[in-house]
Amino acid sequence: MGAPNKNARTISQAAFDELVKENMEDLEMDPTEALEDAIQTLTLQGVDISGIITCVPGQTSVKDNPILQCLNRLQEIESLNDPVISNGDCVREIGGLFEKFVGLCSEGSGNVAIAVKNGGLELICSVCCKIPMQCQSVLVLGLKTLGLFLYDLQSTEIFRSSGGPAIVAGILKGGKENLDILESGFSVVAAAATGNEVLKEIFMELKIDELILEVLNGRHKGIVQSLYDAICVLLTPDDNRVVASQVYGYARKFAKIGIAGSLVDSLHGGLTSPSLVSICIALKAVAVNDEICKSIAERGGIDAVLQCIDNSGEDGNKTVARTCCSLLSKLAGSDSNKSIIVERGGMDKLIRLSARFSDDPSVLQEVMPIIMTLCLRSPDRASRAIEAGAGELAIQAMQKFPSAPQLQRNCCLMIRNLVVRNPENRTLLLSHGIERIIRSAKQSHETCKEAATDALRDLGLDNYNS
């Protein structure tokens with residue numbers, strides 16, 4: 001469900017109910033009309049009514065709402081004040097209530113907001129803290145419920161103030177041999193840390209990185225999908241309240257303790273496509289500097305990525321092809337890695353991949369930045385790229401997909417590096433009509449203008465600004 005506008009005005013359940021009552025008593029509306037009018041009026045006034053139970057007076061009651069009924073019963077059990085809920089019947093009932101929450105809080109139902117607005121997050125955290133570790137199936141349902149309840153900044157802040165991070169980290173550490181605990185637990189980590197720099201920091205203080213490494217090297221290596229999501233979220237500077245994010249330092253720590261190496265090892269494992277894509281995205285998030293990119297190559301990461309690129313072409317898997325190319329582009333930023341990629345036949349593999357996906361601009365536009373990076377300040381590699389067919393690739397792609405602005409821009413950037421130090425490449429490309437193609441891209445797409453101008457200039461054309 002969509003997150004409410006954080007700047008919108010809010011209204012209490014009691015005030016909403018009073019408004020509906022006034023419509024009925026003062027304006028003599030029937031119950032259904034009174035309810036619809038209240039919703040419309042508040043919406044037009046910019047009032048956030050997410051979490052409000054909207055029921056027709058006289059027909060249903062707020063107390064009949066199944067979310068509130070579940071919350072009230074869970075509160076009754078939790079209020080027994082036992083430090084550990086050890087009664088078997090209570091634990092089973094809690095599991096059933098968690099299961100009801102998961103079913104009721106389906107996407108778009110509005111029930112998530114109702115639960116959070118009525119103290120559901122605080123309550124679930126408190127209850128999960130009291131469930132014995134041996135009741136792992138119940139804890140899995142509790143984690144799934146928490147994951148559903150974390151949908152915006154306000155909910156993640158409630159989670160933080162309720163001690164949620166330590167509770168979830170404790171469950172993960174205690175149940176690290178249970179695949180369902182790991183999957184649901186790391187889903188909560190990812191949901192909680194999204195857009196929240198403070199929670200990223202708290203999870204790091206709880207040594208979540210060491211737990212991630214342990215799982216990557218453990219019995220469930222390569223199959224905990226949410227683990228990779230958590231890595232990416234923890235290393236993404238996505239909290240606009242923060243001027244300087246700490247995630248760059250977290251990435252360096254991830255690499256230092258061995259997470260980058262473990263991710264590379266997972267790439268060699270012949271994994272299924274969904275896991276392979278997630279691993280590549282996570283590895284790209286960790287590869288934040290030259291030292292880490294080189295260490296990935298030393299671990300065999302470039303060989304693994306190039307093999308995955310070959311396999312994706314043979315299998316016709318566009319998603320894997322795009323993701324692997326994006327990772328290779330990041331790794332190619334290291335000067336020492338450029339030579340390794342070329343020595344391993346990377347140019348030829350990329351051109352071959354482009355031929356296999358010649359009808360898909362989303363794959364082609366990921367290939368161009370790699371070749372562009374490989375050719376940066378290197379006449380030898382620029383010559384090698386032309387020999388491999390990079391010039392023909394650019395011409396054919398730009399002609400075939402004139403209305404794909406990102407592809408057009410990436411081609412212009414690649415062409416510039418192919419010709420800036422190689423006069424012979426300029427002559428070749430100009431003889432194949434590249435000037436007209438670039439000028440067309442420049443006129444058609446605002447985002448291409450600068451890149452197209454630079455390409456025309458480095459092709460040696462005098463009127464590159466026109």
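Predicted model: local features only at pLDDT ≥ 70, side-chain atom pairs only at ≥ 80, totals over all residues.
Visitor: Which residues form a negative surface patch, and in which helix is glutamate 22 found?
Guide: The patch brings together Asp17, Glu18, Glu22, Glu25 and Asp26. As for glutamate 22, its place is within residues 13–25, the stretch that makes up helix α1.

Visitor: Is isoleucine 259 buried or exposed, and why?
Guide: Isoleucine 259 belongs to helix α15, which covers residues 259–267. Because buried means under 20% relative accessible area, and isoleucine 259 has a relative accessibility of 0%, this residue counts as buried.

Visitor: Which residues is isoleucine 259 in contact with, leaving aside its neighbours within four places in sequence?
Guide: A contact here needs heavy atoms within 4.5 Å. With the neighbours within four places in sequence left aside, the partners of isoleucine 259 are Asp209, Ile212, Leu213, Leu216, Ile231 and Phe254.

Visitor: Among contacts in the chain between residues at least 6 apart in sequence, what percentage join residues at least 24 apart?
Guide: The chain has 466 residues, of which 51% count as buried, and its secondary structure consists of 28 helices and 2 strands. When contacts between residues at least 6 apart in sequence are considered, the share that join residues at least 24 apart is 72%.

How values were computed: Residues numbered from 1 in each chain as written. Heavy atoms only, no water. Patch = residues over 30% accessible without salt bridge, like charges linked within 9 Å, V, L, I, M, F, W, Y side chains within 5 Å. Areas by Shrake-Rupley, 256 points an atom, 1.4 Å probe, with all protein chains shown as cover. Salt bridge = Lys/Arg side-chain N within 4 Å of Asp/Glu carboxyl O. Lys, Arg positive; Asp, Glu negative; His and termini not counted. Charge placed at Lys NZ, Arg CZ, Asp CG, Glu CD. Helix = DSSP H or I, 4+ residues; strand = E, 2+ residues; numbered from the N terminus. Buried < 20%, exposed > 50% of the residue type's maximum accessible area, 1.4 Å probe, protein only.
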